[in-house]
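Hi there,

Here is the structure I promised to pass on to you. Please have a look at it first, and then read my notes below.

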Amino acid sequence: MKFHLISGGCGFVGRNMVQRIYKTTNDAVVFIDNLLVGKHPSEWLGLPRAGKRGNMEIFGEDERLFFIHDDFRNFLREMGQNPNWVQETYGLEFDKFEDVFHFAAIVGGRAVIDGDPMMVALDLAIDAEFFFWVCRYQPARVLYPSSSAAYPVNLQTESGAIALQESDIDFNNMGQPDMTYGWSKLTGEYLAKIAAEYYDLKVTCIRPFSGYGEDQDLTYPIPAIAQRIARREDPIEVWGSGKQGRDFVHIEDVMDCIFVAMDKIHDGTAINIGMGRLTSFLEIIEVLSKIAGYEPAIKPLLDKPVGVHSRYCNMDFVQEKLGWEAKITMEEGMRRVYQAALAREQAAKVS
Ligand SMILES: NC(=O)c1ccc[n+]([C@@H]2O[C@H](COP(=O)([O-])OP(=O)(O)OC[C@H]3O[C@@H](n4cnc5c(N)ncnc54)[C@H](O)[C@@H]3O)[C@@H](O)[C@H]2O)c1
């Protein structure tokens with residue numbers, strides 16, 4: 001049986017990846033999370049716990065999912081000293097990890113990016129230790145999630161925003177990324193390039209724009225707005241004027257694109273993942289309230305952090321190189337998020 005490794009496997013992207021691999025393959029997944037932000041698998045996996053060995057829990061009757069509750073850096077240090085540490089410590093039988101997905105990071109949305117930039121800077125430490133380890137361990141393939149925050153902020157202003165293209169990041173001619181979060185992602189991309197060029201590592205970088213989904217934390221704007229609309233709040237609060245915009249892409253599309261990219265890109269090249277469409281928060285409220293069937297007034301919260309004005313991407317490079325485009329329309333995605341929010345509201349009323 002093949003074994004894959006996912007760091008940050010209990011966060012938003014990680015959870016979706018654990019479930020995707022479990023449902024679409026017969027492979028095993030070891031996933032690690034310190035649960036700083038992530039949710040314990042019993043909350044989202046929907047599978048019975050089949051066993052426990054120390055700080056590792058096994059899920060599913062076919063025993064293919066292994067959750068280690070730990071700081072990923074501890075794991076990296078142990079594995080750095082003994083490449084068979086995980087097999088020997090937890091009694092697992094496999095040769096080597098195949099695909100390694102690195103989602104462990106301090107992210108936290110706008111409030112954390114602007115509110116505690118030095119906490120976010122810890123991502124530099126996690127990523128440095130990660131790349132140091134994978135270059136020596138040499139798994140079959142590595143996925144590094146960069147971010148749209150790596151793009152220069154001066155290309156995202158109210159008057160001068162453009163559809164960001166991969167070539168707008170040029171290590172020979174740099175712009176200023178978005179806070180310590182953007183810098184850490186940009187540095188991660190640079191490490192990925194070095195890993196591919198100097199260590200022959202097969203590595204793929206992605207720059208997801210604003211990923212959203214039904215099970216995203218309520219500290220993120222889409223589920224938060226959907227929740228307010230499911231409660232039929234009137235007025236609806238929005239951070240800033242609401243005119244600021246992002247390129248929202250459903251997490252299922254992000255998952256699809258990752259696998260297409262990992263099959264075709266191995267040299268650390270980073271690709272955009274988005275719809276190639278700028279949508280303002282006011283438009284999101286309009287779509288969601290139309291689904292809910294009412295017309296709330298808007299209450300802008302002008303003291304809240306909003307980040308750059310307009311961040312969206314050009315998907316031409318991905319279409320040409322990978323032949324991929326997002327399938328879930330904005331309306332369909334919002335419908336799903338709204339239904340999930342409504343179900344949560346109804347469950348809360350019952351209990
Ligand atoms: N969600 C998006 O739309 C999006 C967009 C661009 C980039 N990304 C990138 O994808 C990755 C995952 O993002 P996410 O949205 O799932 O974030 P998230 O905060 O939901 O998940 C990160 C997970 O990592 C865990 N974690 C943090 N530090 C850890 C450590 N030292 N050891 C073990 N676990 C640790 C957290 O508990 C959390 O579960 C990040 O690198 C992020 O920058 C996400």
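Strands here are DSSP runs of E with at least two residues, helices are runs of H or I with at least four, and both are numbered from the N terminus. Two strands count as paired if DSSP finds at least two bridges between them.

Before going on, please keep in mind that this is a predicted model, in which local features need pLDDT of at least 70 and side-chain atom pairs count only at pLDDT 80 or more, while totals for chains, interfaces and linings use all residues. Residues are numbered from 1 along each chain as its sequence is written, and side-chain values use heavy atoms, with hydrogens and water left out.

**The sheet around S1 and S6**

S1 and S6 are part of an open sheet of 9 strands with mixed pairing, in the order S3-S4-S5-S2-S1-S6-S7-S8-S13. Strand S3 (49-53) and strand S13 (267-273) are at its edges; each has a single partner strand, so one side of each has no neighbour in the sheet. On average, neighbouring strands of this sheet are turned by 20 degrees against each other, direction ignored. Helix H1 (residues 12-24) packs on the sheet and touches S1, strand S2 (28-33), strand S5 (65-69) and S6. The direction of H1 makes about 165 degrees with that of S1. Such angles run from 0 to 180 degrees between N-to-C directions, with axes fitted to C-alpha atoms, for helices over the stretch in contact.

**The sheet around Ser 280**

Ser 280 is found in strand S14 (residues 279-280). Is Ser 280 buried or exposed? Its relative accessible area is 11%, so Ser 280 is buried (buried means under 20%, exposed over 50%, partly exposed in between, with a 1.4 Å probe and protein chains only). Beyond its neighbours within four places in sequence, Ser 280 is in contact (heavy atoms within 4.5 Å) with Gly 242, Lys 243, Gln 244 and Gly 245.

S14 belongs to an open sheet of 3 strands, ordered S14-S11-S16, with mixed pairing. Here S11 (residues 245-246) runs parallel to S16, joined by 2 bridges, and Gly 245 stands opposite Ser 310 in S16.

Enjoy exploring!
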